[in-house]
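Please look over the sequence and the structure shown here before you read the notes that follow. They are grouped by topic, so that you can find each place in turn.

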Amino acid sequence: AALVEDGTIVAAVEEERINRIKHTQKGAVNAIRACLQTRGIGLTDIDHLVYYGSDEGLALWTQHLFYGTCDAQPVTSHRQLIHDFLRNGLGEDLDDRKLGFVNHHLAHAISTYAQSGYSDSLVVTIDGAGDGLCGSVILWQGTHYQLLSTYDASKSLGTFYDRVIAILGYGFTEEYK
């Protein structure tokens, strides 16, 4: 989680640093709480909460998570899951209009570019998968960007790696032991 004020990061922490679970999948509730506490504010005091996945990609993910098929009608949505998570984890919620989403690889790229110190940058993102992609090449110039190339998740080296370690008998993230 990161807290940004007037374009400057004022607090940031990774959930696994707090809950001590490597590659935690438990959500960033403790990290969000820690960032808010640095300024003595709550969720209702922020202008936007942005999640690192597109609305469309997360809707598809939610269908697969609960039903395993794109044809099923979900009983919940990714938006509702986030609101439930905030209420249950922080004891408060925010107006749905403040909840935003950004493409997974664009989130990686902007966080790299914004901290680079360069006015122009060519940013390459590579990961397991996010929003149907495993990578992108983006040219950043000032506050503008141009998506030059994307790589479909079916070509993911991260997925290949996960499958190889599974064949070797390791569970998710166990190979780091």
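Predicted model: local features only at pLDDT ≥ 70, side-chain atom pairs only at ≥ 80, totals over all residues.

A residue is called buried when its relative accessible area is under 20%, exposed when that area is over 50%, and partly exposed in between.

**Cysteines**

- Cys134 has a relative accessible area of 6%, and it therefore counts as buried, because the limit for that word is 20%.
- Cys35 is buried as well, with a relative accessibility of 4%.
- In general, a disulfide is a covalent bond between the sulfur atoms of two cysteines.
- With a pair of cysteine sulfur atoms required to lie within 2.5 Å, the count of disulfides in this model is zero.

**Ser54 and its surroundings**

- Ser54 sits in the loop that joins strand S3 (49-51) to helix H3 (55-67), and with a relative accessible area of 13% it is buried.
- The side chain of Ser54 makes a polar contact with the side chain of Asp131 at 2.8 Å, and it also reaches the backbone nitrogen of Gly57 at 2.9 Å.
- When neighbours within four places in sequence are left aside, the residues in contact with Ser54 are Phe101, Val102, Asn103, His104 and Asp131.

**The sheet of S5, S6 and S7**

- Three strands form an open sheet in the order S5-S6-S7, and their pairing is antiparallel.
- Strands S5 (120-130) and S7 (144-152) stand at the edges with a single partner strand each, so one side of each has no neighbour in the sheet.
- Neighbouring strands of this sheet are turned against each other by 15 degrees on average, with direction ignored.
- S6 and S7 pair over eight bridges in the antiparallel sense, and Leu133 has Asp152 in S7 as its bridge partner.

**Gln141 in strand S6**

- Gln141 belongs to strand S6 (residues 133-141), and its relative accessible area of 44% makes it partly exposed.
- Not counting residues up to four places away in sequence, Gln141 touches Tyr113, Ser119 and Asp120.
- Gln141 and Asp84 are 57 residues apart in sequence, and their C-alpha atoms are 38 Å apart in space.

**The ends of helix H6**

- Ser156 caps the N-terminal end of helix H6 (residues 157-167), where a side-chain oxygen of Ser156 lies 3.1 Å from the backbone nitrogen of Gly158.
- Just after H6, Gly169 takes a positive phi of about 100 degrees.

Technical notes
Residues numbered from 1 in each chain as written. Heavy atoms only, no water. Buried < 20%, exposed > 50% of the residue type's maximum accessible area, 1.4 Å probe, protein only. Helix = DSSP H or I, 4+ residues; strand = E, 2+ residues; numbered from the N terminus. Polar contact = N/O pair within 3.5 Å; in protein donor to acceptor, adjacent residues only side chain to side chain. Contact = heavy atoms within 4.5 Å. Pairing = 2+ DSSP bridges. Axes fitted to C-alpha atoms, helices over the stretch in contact; angles between N-to-C directions.
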